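Have a go at each task before you read its solution.

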Amino acid sequence: MNRSMEGHFQLEKVGFDVYSYGVGTQIRLPGPGGQEVFDFGTPYQTIKDTLVSGGHAQWFRQRGLLAMLDRNISIKEGPERWQEMESSEIAKLDVVFCFEGRVFDLLIEDLEGREPQEFEPIHVLNLEVKDNADEAAIAGQICLELCKLLQKYAKNLEDKLPVAVEEITKKYER
């Protein structure tokens, strides 16, 4: 909800056609008394209202969770789950970014478990990113630069993808 939505935000604001999904079973946010858990599809506004109404608004504000939710509210209604996506929708994707190895593994597992479809290749890339606002912002910039390179190489993406990844890896030393 933090890293993928920051990438979504940065890509969308320059005109990329972008979607963002989670792969877990529920949305989990840190809370003062333990995790705050929400189902996928719960509107971001409802999540925010629930956190604020629990009497710990300052706690969530200090940790940037309310600002994160405000950003998310400006992008889309609520979190969506990758595994609930129709295969026909997945078939329209060219590149998928993950921001954690565990997410990458779950996404690949889901793709491999789907019924065979007529797909063009889907390139799934993982950026290992710590789950905090600063690292998410950097990862969003990396995503944006990489997408611009991939757009430049679109006619020969299969061959140029490794070149683009290497270029970005060198630039950011990641």
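The exercises below work on a predicted model.

**Exercise 1. Work out how the protein is built and how compact it is.**

Step 1: Start by counting elements: the protein has seven helices and four strands.
Step 2: Now walk along the sequence, and you get the pattern α-β-β-α-α-α-β-α-β-α-α.
Step 3: Check the size. The radius of gyration is 17 Å, close to the 16 Å that the globule rule gives for 174 residues, so the protein is as compact as a globular protein of that length.
Step 4: Look at the inside: 40% of the 174 residues count as buried.

**Exercise 2. Find out which residues of α5 are buried and what covers them.**

Step 1: Locate helix α5 at residues 101-113; its 13 residues reach 18 Å from first C-alpha to last, close to the 18 Å expected.
Step 2: Pick out residues under 20% relative accessible area. In α5 these buried residues are Gly101, Val103, Leu107 and Asp110.
Step 3: See what lies over them: the cover includes α4 (87-90), β3 (95-98) and β4 (123-126).

**Exercise 3. Describe how α6 and α7 meet.**

Step 1: Take α6 (residues 133-152) and α7 (residues 157-172): their axes come within 9 Å and cross at roughly 145°.
Step 2: List some partners. Residues of α6 including Ile142, Leu146 and Leu149 meet residues of α7, among them Leu161, Val165 and Ile168.
Step 3: Sort the residues of this contact of α6 with α7 by type: 10 are nonpolar, one is polar and three are charged.

Conventions: Residues numbered from 1 in each chain as written. Predicted model: local features only at pLDDT ≥ 70, side-chain atom pairs only at ≥ 80, totals over all residues. Heavy atoms only, no water. Helix = DSSP H or I, 4+ residues; strand = E, 2+ residues; numbered from the N terminus. Expected span 1.5 Å × (residues − 1). Buried < 20%, exposed > 50% of the residue type's maximum accessible area, 1.4 Å probe, protein only. Contact = heavy atoms within 4.5 Å. Axes fitted to C-alpha atoms, helices over the stretch in contact; angles between N-to-C directions. Nonpolar A, V, L, I, M, F, W, Y, C, P; charged D, E, K, R; others polar. Rg over C-alpha atoms; globule rule 2.2 N^0.38 Å.
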